[in-house]
Amino acid sequence: MDPKAVKSDLVLILDYGSQYTHLITRRIRSLNIFSLCISGTSPLDAITSLNPKVIILSGGPHSVHSPNSPAFPAGFVEWAQSNGCFVLGICYGLQLIVQRLGGEVRVGEKQEYGRMEIVVDKNSGIFGNKKVGDNQVVWMSHGDEAAQLPEGFEVVARSQQGAVAAVENREKKFYGLQYHPEVTHSPEGMDTLRYFLFDVCGLSAGWNMESVVDEEIKLINGTVAPEDHVICALSGGVDSTVAATLVHKAIGDRLHCIFVDNGLLRYKERERVMETFERDLHLPVTCVDASEQFLSKLKGVVDPEMKRKIIGREFISIFDAFAHDLEQKLGKKPGYLVQGTLYPDVIESCPPPGSGRSHSHTIKSHHNVGGLPKDMKLRLIEPLKLLFKDEVRQLGRILNVPEGFLKRHPFPGPGLAVRVLGDVTEGNALDILRQVDEIFIQSIKDAGLYDSIWQAFAVFLPVRSVGVQGDQRTHSHVVALRAVTSQDGMTADWYYFEHKFLNDVARKICNGVRGVNRVVQDITSKPPSTIEWE
């Protein structure tokens with residue numbers, strides 16, 4: 001999806017490193033307004049080329065007094081004013097506005113963290129119908145505060161401690177909130193965003209998944225010439241399947257799908273997925289068994305980043321070979337590769353400045369983003385790369401992808417390689433993990449819990465433990481069970497199973513899978529953990 005081709009108002013978020021930044025993106029999209037997040041230190045032309053109607057400056061861990069603190073580029077204020085662009089600063093973003101426009105920010109006499117009450121100090125459209133003296137609970141997280149406002153700015157709300165909580169300059173169209181309206185801990189935060197975007201800024205709710213389908217089909221047809229053919233890498237997951245269905249709708253039989261068995265699939269995954277493709281989705285798919293090729297390259301590799309890069313490289317080599325075979329058959333070599341890359345994949349792989357979070361750390365290289373080789377011959381088509389997982393599922397429903405398929409839990413592109421910690425080729429680690437994972441997932445389905453969980457899976461740990469099985473001492477493998485709830489995969493909470501369920505699953509695994517004598521549960525949220533272990 002090309003943000004410049006979106007036929008609706010754009011809210012652009014400049015990211016200054018807050019853990020909540022992408023919640024802003026999600027909250028605004030839930031109002032049917034297109035929002036996009038880029039680095040707060042992006043050059044001015046990267047910002048202006050997107051022609052946003054509203055720009056939101058995110059929070060962040062920095063102080064505006066730090067010598068290397070991030071800030072918007074020179075000329076930003078002048079451009080925003082000359083183009084009638086509304087600007088809203090949140091937390092650090094408010095302090096940035098105050099400091100850069102001639103006000104004063106200082107260390108607060110009393111730091112404000114967690115739930116706090118603010119009181120309306122002046123009637124303002126940003127708070128809807130609230131009047132002077134009305135209060136609300138908000139979530140604050142700041143040590144610095146606005147001590148003196150720039151010329152033309154007024155205080156709209158204060159905390160109960162008297163600190164500035166909201167400001168505005170209606171003439172310049174600059175606004176600021178010293179709290180986080182995007183988090184659920186600010187119960188009226190969504191109302192504030194809604195009032196600001198619709199009542200103050202005058203935006204319209206013109207963006208939805210139906211419009212995304214139309215925009216993407218036009219973009220694909222504008223990219224792929226009528227004589228060109230396209231390859232699609234199908235993993236069996238929701239993302240690649242929706243991407244394939246969308247591209248197939250755009251170019252028809254010029255799409256050629258390939259499903260690669262890399263030896264890192266779940267229990268009977270190959271058979272189940274191919275049956276779904278043929279019976280329910282009616283997509284033309286070629287299945288390639290490349291398990292020996294992948295596993296030979298992964299032998300002895302324990303570093304997770306290296307695993308991802310190797311897998312990305314091997315996938316591309318197979319796609320290139322597939323393209324060569326098609327060239328012999330069609331007389332023309334396909335020039336494009338479709339992938340189901342999502343927005344969180346791009347974010348976590350830390351893209352270049354101007355398209356992501358240049359001042360943030362890479363969390364992990366996704367095999368289809370950071371793991372791709374630089375000399376790849378095929379050009380990429382990634383129709384979902386600015387969408388979150390729940391949005392992709394909405395898109396799939398519009399495209400008539402079966403509901404049962406859309407509800408499948410996410411499965412990582414590198415497969416079980418990132419769920420076997422250490423060398424995936426050692427012993428029978430993959431076989432053990434497949435059996436354990438099948439027992440766990442089937443138990444979840446039998447208990448009617450599958451649709452309540454975002455993602456569940458087992459992990460093979462590189463340790464052995466002492467146990468007693470059949471009145472004999474054993475020194476066997478340990479496996480971990482992981483289940484989380486989430487909205488978009490950017491944050492996640494661990495799922496609370498009943499003790500009886502966990503007891504039954506652990507018993508089934510230890511009794512049914514030879515080589516396992518201990519089962520543990522992962523009860524960490526994201527953050528501080530990622531959902532996958534590698």
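**Note on the predicted model**

1. Cys201 is buried, with a relative accessible area of 11%, and this holds for a model that is predicted. The residue sits in the loop between α5 (189–200) and α6 (209–223). If neighbours within four places in sequence are left aside, Cys201 is in contact with Val54, Phe86 and Phe196. Ile126 is 75 residues away from Cys201 in sequence, but their C-alpha atoms are 9.6 Å apart in space.

2. The domain assignment divides the chain into domain 1 (11–200), domain 2 (209–407) and domain 3 (429–521). Taken over C-alpha atoms, the centres of domain 1 and domain 2 are separated by 37 Å.

3. Which residues have the most contacts inside the largest nonpolar core? They are Phe127, Phe196 and Leu395, in a core of 111 residues. Helix α7 (residues 238–251) gives the largest share of this core, with 8 residues, and at least three residues come from each of domain 1 (11–200) and domain 2 (209–407). Another core, of 50 residues, lies apart from it, and among its members are Val301, Leu430, Ile432 and Val479.

4. Phe127 deserves a separate look. Leaving aside neighbours within four places in sequence, its contacts are Ile118, Val120, Gln136, Val156, Ala157, Ala166, Leu177, Tyr179, Thr192 and Tyr195.

5. Strand β11 (residues 255–261) is largely enclosed by the rest of the structure, because 7 of its 7 residues are buried. In a regular strand the side chains alternate between the two faces of the sheet. Here Leu255, Cys257, Phe259 and Asp261 point one way, while His256, Ile258 and Val260 point the other way, and all of these are buried. Strand β10 (residues 230–234) runs parallel to β11 and is joined to it by 5 bridges; Leu234 has Phe259 of β11 as its bridge partner.

6. A polar atom of the Arg408 side chain lies 2.5 Å from the backbone oxygen of Gly236. Not counting residues up to four places away in sequence, Arg408 touches Gly236, Val238, Arg266, Glu269, Val273, Arg393 and Tyr450.

7. Helix α10 (residues 304–330) has 27 residues, and the distance from its first C-alpha to its last is 38 Å, close to the 39 Å expected at 1.5 Å a residue. At the start of α10, a side-chain oxygen of Asp303 comes to within 3.3 Å of the backbone nitrogen of Glu305, and just after the helix Gly331 takes a positive phi of about 85°.

8. Helix α14 (residues 429–446) has 18 residues and reaches 26 Å from its first C-alpha to its last, close to the expected 26 Å. Its buried residues are Ala429, Leu430, Ile432, Leu433, Arg434, Val436, Asp437, Phe440, Ile441, Ser443 and Ile444. An α-helix has 3.6 residues a turn, so residues three or four places apart point the same way. The elements against which the buried residues of α14 pack are α9 (291–298), β15 (455–469), β16 (472–485), α15 (499–512) and β18 (516–521). After α14 comes Gly448, with a positive phi near 70°.

Conventions
Residues are numbered from 1 along each chain as its sequence is written. This is a predicted model: local features need pLDDT of at least 70, side-chain atom pairs count only at pLDDT 80 or more; totals for chains, interfaces and linings use all residues. Side-chain values use heavy atoms; hydrogens and water are left out. Domain bounds come from an automatic or database domain assignment. Helices (H or I, at least four residues) and strands (E, at least two) are DSSP runs, numbered from the N terminus. The expected span of a helix is 1.5 Å times one less than its number of residues. A polar contact is a pair of N or O atoms within 3.5 Å; within protein, one must be able to donate a hydrogen and the other to accept it, and residues adjacent in sequence count only if both atoms are side-chain atoms. A nonpolar core is a set of buried Ala, Val, Leu, Ile, Met, Phe, Trp, Tyr and Cys residues joined through side-chain atoms within 4.5 Å. Buried means under 20% relative accessible area, exposed over 50%, partly exposed in between (1.4 Å probe, protein chains only). Contact means heavy atoms within 4.5 Å. Two strands pair if DSSP finds at least two bridges between them.
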